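Visitor: I have a new model on my screen and would enjoy a guided look at it. Could you take me through it?

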Amino acid sequence: MAGQERQARLSDRIRVILAERLEKGLRDPRLGFVTITDVRVTGDLQHASVFYTVYGSDEEREASGAALKAATGMLRTEVGRKLNTRLTPSLEFIADALPENASTLDALLREARERDQAVAGIAVGAQYAGDADPYVKPREFDEADEADDEDDAGEVDDEK
């Protein structure tokens, strides 16, 4: 359990260091508005996967990804200087699919709302296919029916 806690602390620290460094800026003009969303460190603390998102068009995302890959060595040096660990983990930058997933979910929710509205529109003028109250009710007997039932109960079958 202590190893997982150390991984989590190291992941958070790397995320903060990288975010601060990106906030100061890199000298690469390709770098756009980058947000570090998550950092995951392996159990042996040798490798860190850095997830990021870029605000902008697809071309800006690709250019920012290339800028981050080009600056990996400099960013790793910065992380190593501020971490105070024996080994500095290698960094791998991975574009986070969070915005695309969010837009897909928004589209699915919008489609579900539209379908619900269509069903509600159809249901406004709908009528029941059978009786208005389809549940079985207890049978009500007349006095004549009760007399017939008593006669039938008193008879014995002679055929057996």
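Visitor: Happy to begin. Is Arg 21 buried or exposed?

Guide: Keep in mind as we go that this is a predicted model. Buried means under 20% relative accessible area. Arg 21 has a relative accessibility of 19%, so this residue counts as buried.

Visitor: Where does Arg 21 sit, and which residues does Arg 21 touch, not counting those up to four places away in sequence?

Guide: Arg 21 belongs to helix 1, which covers residues 2-24. Once residues up to four places away in sequence are set aside, the residues touching Arg 21 are Leu 26, Met 74, Leu 75 and Glu 78.

Visitor: Which element gives the most to the largest nonpolar core?

Guide: That core has 24 residues, and Ile 14, Leu 18, Leu 68, Leu 75, Leu 91 and Phe 93 touch the most other members. Two or more residues come from each of helix 1, strand 1 (33-41), strand 2, helix 2, helix 3 (72-83) and strand 3. With five residues, the element giving the most to this core is helix 1.

Visitor: Why can the buried residues of helix 2 be said to line one face?

Guide: The buried residues here are Ser 64, Gly 65, Ala 67 and Leu 68. Viewed down the helix 2 axis, they line one face because they fall within an arc of 160 degrees. On the other side of helix 2, the exposed residues are Glu 59, Glu 62, Lys 69 and Ala 70.

Visitor: How far apart are the end C-alpha atoms of helix 2?

Guide: Helix 2 runs over residues 58-70, which is 13 residues.

Visitor: How many aromatic pairs does the structure hold, and how many residues apart are the partners?

Guide: There is one aromatic pair.

Visitor: What is the relative accessible area of Tyr 52?

Guide: The cut-off for buried is under 20%. Tyr 52 is buried, so its value lies below that, at 6%.

Definitions and conventions
Residues numbered from 1 in each chain as written. Predicted model: local features only at pLDDT ≥ 70, side-chain atom pairs only at ≥ 80, totals over all residues. Heavy atoms only, no water. Expected span 1.5 Å × (residues − 1). Buried < 20%, exposed > 50% of the residue type's maximum accessible area, 1.4 Å probe, protein only. Arc of directions from axis to C-beta. Phe/Tyr/Trp six-rings, centres within 6.5 Å; stacked < 30°, edge-to-face > 60°. Contact = heavy atoms within 4.5 Å. Core = buried A, V, L, I, M, F, W, Y, C linked by side-chain atoms within 4.5 Å.
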